[in-house]
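User: Could you take a close look at the place where the ligand sits and walk me through what surrounds it? I am new to this, so please go step by step.

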Amino acid sequence: MAPKQLVSHSKFLSRVLRHQPETIGITLDPAGWISVDALLSAMAEHGRPLSRADLEEIVRTSDKQRFALSPDGQRIRANQGHSIEVELDHAPAVPPELLYHGTAAQFPPAIREQGLCRMERHHVHLSAETEVTLRVGARRGRPILLTIRAGDMHRAGHAFLLTPNEVWLTDRVPPEFIGFPQ
Ligand code: HQG
C-alpha cells in the first residue's frame, strides 16, 4: 500500500479506535479492544475498505506504534491517546528520575500556573527521550522541552503507567515538578 494511503488509514483508525467508534457503528470493549473482523466489516460498510494484510502492515509500521493486535491477532486497539473512556490496563511502573514533555512556546505561562493537564486525552504523555518529544511540541508551534522530575513525583505518590511503546502516562504534573528552559 502506498505510504500516503497508509497514513490516511492510520489517521482514520486513530479516530475510530480512540475517539469516535460510533461514527462507523462499532463499540469498543472496556479495555478499548474490538475484533478485527468487526472493525474491517464496519470500515467496509462506511466506504473505507481495508484488507487484513494492510491493517497488519499499518499496525507494524506505525511510527509511534499507535495500535496493538492481541496475541492471537483477533482483536485490535489503540495503545494510547483515547478521549473516550477506556481502561487500558497498562502496567504501573516506576519512572526514571527524569522524563520529558514537548510543548509549544505559547503554553508555558499556563503550564507554570496549572501544571501539565491531560487536556482532551486520558493522561499526560511523557517520554524518556527528547528527540521525538520535541517533534511532538513542534506540532503546535515553536517547540519547548520541559523536564519532569518523575522520580520525585513517584515518591510523592503520583502513579505512572508505561505503554508497550514506551510512552509514560500520568494523570497530571503539578508545576513544582516541571523544569522550564531558561
Ligand atoms: C499542552 C500525539 C496549556 C501540552 C503526539 C500539549 C504525542 C497545556 C497540549 C501524543 C497545559 C495537549 C501526545 C496547560 C498541557 N496549559 N497547555 N495547563 N497542559 N498542555 O496532543 O502531549 O499522533 O493532547 O503541552 O505525537 O502534545 O496522537 O498531547 O501541547 O505522542 O499518536 O496541551 O499524541 O501522538 O496536546 O501529544 P495533546 P501531546 P499521536
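Analyst: Happy to! A word on domains to begin with: the domain bounds used here come from an automatic or database domain assignment. Keep in mind, too, that this is a predicted model. The chain is split into domain 1, residues 3-78, and domain 2, residues 99-179.

Now to the ligand, which sits in the largest pocket. Strand 5 (98-104) and helix 4 (108-114) are the elements that each give two or more residues to the shell around the ligand. Helix 4 gives the most, with three residues. Both domains take part as well: domain 1 and domain 2 each supply at least three residues of the shell.

In total, 18 residues surround the ligand, and the closest are R18, K64, H101, T103 and R140. Sorted by class, the shell has seven nonpolar, five polar and six charged residues.

Let's zoom in on some individual contacts. In the side chain of K64, an N or O atom is 2.4 Å from an oxygen atom of the ligand. R18 also reaches a ligand oxygen atom, with a polar side-chain atom 2.7 Å away.

How much of the ligand's accessible area does the protein cover? On its own, the ligand has 790 Å² of accessible area, and the protein covers 88% of that.

Terms used
Residues numbered from 1 in each chain as written. Predicted model: local features only at pLDDT ≥ 70, side-chain atom pairs only at ≥ 80, totals over all residues. Heavy atoms only, no water. Near = heavy atom within 4 Å. Polar contact = N/O pair within 3.5 Å; in protein donor to acceptor, adjacent residues only side chain to side chain. Areas by Shrake-Rupley, 256 points an atom, 1.4 Å probe, with all protein chains shown as cover. 1 Å grid on protein atoms, 1.4 Å probe; cavity = no way out; pocket = protein on both sides within 12 Å on 5 of 7 lines; lining within 4 Å. Sits in = over half its atoms within 2 Å of the grid points. Helix = DSSP H or I, 4+ residues; strand = E, 2+ residues; numbered from the N terminus. Nonpolar A, V, L, I, M, F, W, Y, C, P; charged D, E, K, R; others polar.
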